[in-house]
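Biologist: I would like a close look at one part of this model. Please take me through its surroundings step by step.

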Amino acid sequence: MILYARFLPPPMHEAALPALLAVAEDISPVVQALPPDAVLVDAAGAERYFGRGPAGLAALLRVRLLAHCGVDCVIGVGPGPVLARMAAREAAPGAVRVVAEEEAAAFLADKPVAALPGVGAATARTLCGYGLDTVGGVAAAPLGVVQRLLGGRAGREVWERARGIDRSRVVPGALARSMAGERHFPRDELDRAEQRRALLSLAEELGARMRGERQVCRSLTLSVRCADRSVTTRSRTLREPSAYSGTLTATAYALHGALGLQRARVRGLALRAEGLMAAERASRQLTFDPADERARLLEAAADRVRARFGPGSVVRGATAA
């Protein structure tokens, strides 16, 4: 069985994760970090060692996290990572939700198709447009129909997950190389302009740090913490690996806009650059846009000034006040 533990409140910076991972690794060596706020634990060998079932191991993990790190969590248990993750969504704070293999079909049947991990908004719209708006509906449809709608590989993956078939595995290893920054507001912030200003500052900061280390990132993850201590996280893969602040800012704005935070009382924002790699290993699509080229030349000049006179010597006007 697989345990999926999501931390409450989630850490908004990767520096908090190693201590949490160490606690999970005391229960099972097969632990996969899912930054910024979760881990997967393969408990197959641990059940016999500890003499406990999956629910007992989940309770043990929660108690140890509280005792050693002062962090509570919700834990979902299932025969595979997908069902464990979905079970955690239904677990009350500080509780464990177990979905046994024989319960998988009934557990999935009435859920909206968008609840399946890996089914994004566009895929859900396509399926709903043909009346496949529940997981049970997708499971009952012929495989060929789903593949015609979503494509061969994606269609088979969604169809199998709807039937409780999960071919993914827990992949142990160190934390993926990443870089993050965060901003906290002194009070509940409802002004979207102020939130975007913080995102601009974060994107500029991450871009400058990556360029200083001659690195680029493959994706960005935005975490938004609200006044009720809930955290919403969204990720997006860049069209090409980049450390260009303009690309990072546009992606951060798109992630923020997709969350629909018109009335949300935001207390903090965190932006994480993931999948870091050496800049010389990345390829860049050439462009004939003179404005883009000028912006990149200005950014390079600003980097040289910062390297000589300090990081605060050149800042954007929108973030200076």
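Biologist: Which residues of helix α9 are buried?

Modeller: This is a predicted model: local features need pLDDT of at least 70, side-chain atom pairs need 80 or more, and totals for chains, interfaces and linings use all residues. Residues are numbered from 1 along each chain, and side-chain values use heavy atoms, without hydrogens or water.

Start with the helix itself. Helix α9 covers residues 152–162. (Helices are DSSP runs of H or I, at least four residues; strands are runs of E, at least two; both are numbered from the N terminus.) The buried residues in α9 are G155, V158, W159, E160, R161 and A162. (Buried means under 20% relative accessible area, exposed over 50%, partly exposed in between, with a 1.4 Å probe and protein chains only.)

What do these residues pack against? Their neighbours are five other helices: α4 (81–90), α5 (104–109), α6 (121–129), α7 (135–140) and α8 (143–150). (Contact means heavy atoms within 4.5 Å.) Just after α9 comes G164, with a positive phi of about 80°.

Now pick out E160. Its side chain meets that of R156 in a salt bridge, at 3.6 Å from N to O. An α-helix has 3.6 residues a turn, so residues three or four places apart point the same way. E160 is buried, at 8% relative accessible area. R156 is partly exposed, at 38%.

How many salt bridges does the whole structure hold? The search finds twelve. Side chains of opposite charge can pair when their charged atoms come close.

Compare a bridge in another helix. In α10 (residues 192–212), R197 and E194 are three residues apart, again about one helical turn. Their side chains meet at 3.7 Å, N to O. R197 is partly exposed at 24%. E194 is partly exposed too, at 30%. Elsewhere, salt bridges with shared partners join E90, R97 and K111 into one network.

R265 pairs with D188, and their closest N and O atoms are 3.1 Å apart. This pair links distant parts of the chain, 77 residues apart. R265 sits in the loop between α11 (245–258) and β9 (266–274), while D188 belongs to strand β6 (residues 178–189). R265 is partly exposed, with a relative accessible area of 45%. D188 is partly exposed as well, at 25%.

Strand β2 (residues 31–34) is covered on both faces. V31 and A33 are buried on one side, Q32 and L34 on the other. Four bridges join β2 to strand β3 (residues 38–42), and the two run antiparallel. (Strands pair if DSSP finds at least two bridges between them.) Across this pairing, V31 stands opposite V41 of β3.

Back to your helix. Keep two things in mind about α9: its buried residues pack against α4, α5, α6, α7 and α8, and E160 forms a salt bridge with R156.

Methods. A salt bridge is a side-chain nitrogen of Lys or Arg within 4 Å of a carboxyl oxygen of Asp or Glu.
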